[in-house]
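The tour below moves from one selection to the next and says what is found at each stop.

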Amino acid sequence: MNSSMSMNLTSQFSPCSTQFPPKHRLYPPLTRRSGGFFLPSTTNHRFPRRLVCMAEPYLIIKLESAEKTWKELSVKLADPDVVSNPSEYQRLVQNVAELDEVVLTYKRFKDCKRQLEEAKVLAKEEGSDEDMAEMIAFEIETVSNELKELEEKLKLLLIPTDPLDARNILLEVRAGTGGDEAGLFAGDLVRMYQRYSERNLWKYSPLSSSETEKKGGYKTYVMEIKGKRVYSKLKYESGVHRVQRVPQTEAQGRVHTSTATVAIMPEVDEVEVEIDPKDIELSTARSGGAGGQNVNKVETAVDLFHKPTGIRIFCTEERSQLKNKARALQLLRAKLYEIKLRKQQESIRNQRKSQVGSGARAEKIRTYNFKDNRVTDHRLKMNFELTGFLDGNIERAVQSCASMEQKEILEELADSVGVPSNR
């Protein structure tokens, strides 16, 4: 046995190979030929079939294009004219940085693919001893698995990031059809999102609310949620939520159907949405309720009406008129931005027939069936356990929606280069 040959074979498989088990540390002598190492012909062995991870054609086309762009931008960064222009130089640096991970991962992918082909050549030789055959089979399987992992990573890296994903949100729950029962269901949804926020260590605070006569229900409820990538998770919650259950007031035990509408609005600043003061009618009123003498005797509540859209906002949560006005304008900006965003998303949805992430308020997304303790997500065609769901355990539904959207975008990428994907 020649231990130096072990080092040669190991280097032939780098950088993607992993260390082999101890019994594979010593190998028989190898014959060196053009293009790599070959095993001496002794005995025949079977090797795993169909282990090569073949990337989908559209993926290779996109990756080659990204690598070409990265190289071109890197060359431009050395151009004296670009270096002397700080703004242009900074723009190119940012563009190169955005492609760095894609290009480096693609390089690893190509290295591993080349390594796998070399291992397959060794495997095709007519014979080898048992240890060598087992070692090569192990290498083929290991590198094949790494290729699959790299391919999945590259797919995700090619998906365009949503610039809104990192933003905080304003979440509005509005009772729909069903009277008091719809208001009570709206209250259930409010508490569900509050508990989900707690699970994610997000902070939430009420912005505006209107309670129903039935305790625990809301005609409307708006809260601000702040935290890490809030919009990226809760953006899939927009739409109509339907509940089927026996109301407390139902004497004959009949199941009623009620609805509530959820709107997810990313926070925006004054620069992104301009509001003409002439378009606003503003009046004040006493807030009433708990909060002391100031709340009950001074007009701290703000009633804001936006004439072009007909949006009316009544804000009472703060103890000063100035703060309530600021809150009302914050909510108005978010609503106006949501209208604009919804039109864009509807256009995208019509183009690719998206089943998730449209943000359309009229879209029925879930049914909450109390009798069967079941939540059905109509977009995913999946069921969830109701009790845990209402307690804020909605992460699996959120991640499933994200996965569905990623799949749709990847199919769209495949269509954009005219190559069918493996759907």
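Start with residues 374-377 and 382-385: strand β12 (residues 374-377) and strand β13 (residues 382-385) run antiparallel and are joined by 4 bridges. Strands here are DSSP runs of E with at least two residues, helices are DSSP runs of H or I with at least four, and both are numbered from the N terminus. Two strands count as paired if DSSP finds at least two bridges between them. This is a predicted model, in which local features need pLDDT of at least 70 and side-chain atom pairs count only at pLDDT 80 or more, while totals for chains, interfaces and linings use all residues. Residues are numbered from 1 along each chain as its sequence is written, and side-chain values use heavy atoms, with hydrogens and water left out.

**The two hairpins**

Pick Asp-377 and look across to β13, where its bridge partner is Met-382. The hairpin of β12 and β13 has 4 residues between the strands, and Lys-381 takes a positive phi near 60 degrees.

Thr-367 has Thr-376 in β12 as its bridge partner. β11 and β12 also form a hairpin with 4 residues between them, and in the turn Asn-373 has a positive phi of about 50 degrees.

**An open sheet**

Next select β8, β9 and β10. They make an open sheet of 3 strands in the order β8-β9-β10, with antiparallel pairing. β8 (280-285) and β10 (311-315) are the edge strands, each with a single partner, so one side of each has no neighbour in the sheet. From one strand to the next the twist averages 15 degrees; such angles run from 0 to 180 degrees between N-to-C directions of axes, which are lines fitted to C-alpha atoms, for helices over the stretch in contact. Strands of a sheet pair through backbone hydrogen bonds, either parallel or antiparallel. Between β8 and strand β9 (residues 301-306) there are 6 bridges in the antiparallel sense.

Which strand is largely enclosed by the rest of the structure? Select residues 256-266: 9 of the 11 residues of strand β7 are buried, so β7 is largely enclosed. Buried means under 20% relative accessible area, exposed means over 50%, and partly exposed lies in between (1.4 Å probe, protein chains only).

Strand β3 (residues 169-175) pairs with β7 in the antiparallel sense over 7 bridges, and Val-173 stands opposite Val-262 in β7. Strand β6 (residues 239-245) also runs antiparallel to β7, joined by 7 bridges; here Val-243 stands opposite Ser-258.

Stay in strand β3 and pick Leu-170. Leu-170 has 0% relative accessibility and counts as buried. Leu-170 and Pro-206 are 36 residues apart in sequence, with their C-alpha atoms 9.5 Å apart in space.

**The helices**

Select residues 180-199, helix α6. At 1.5 Å a residue, its 20 residues should span 28 Å, and the end C-alpha atoms are 29 Å apart, which agrees. The expected span is 1.5 Å times one less than the number of residues. Helix α6 is mostly covered, with 15 of its 20 residues buried. Just after α6, Leu-201 takes a positive phi of about 60 degrees.

Move to residues 86-123, helix α4. Its 38 residues should span 56 Å at 1.5 Å a residue; the end C-alpha atoms are 54 Å apart, which agrees. Zoom in on Leu-99, where α4 bends by about 40 degrees. That bend is the angle between axes fitted to the seven residues ending there and the seven starting there.

The axes of α4 and α5 are 9 Å apart, and the helices pack at an angle of about 155 degrees. That makes α4 roughly antiparallel to α5, where angles under 35 degrees count as roughly parallel, over 145 as roughly antiparallel, 65 to 115 as roughly perpendicular and the rest as oblique.

Finally, show helix α2 (residues 57-76) with helix α5 (residues 130-158): their axes come within 11 Å and cross at roughly 60 degrees. That makes α2 oblique to α5. Pick Trp-70, found in helix α2; Trp-70 is partly exposed, with a relative accessible area of 25%. Trp-70 and Asp-100 are 30 residues apart along the chain, and their C-alpha atoms are separated by 7.7 Å.
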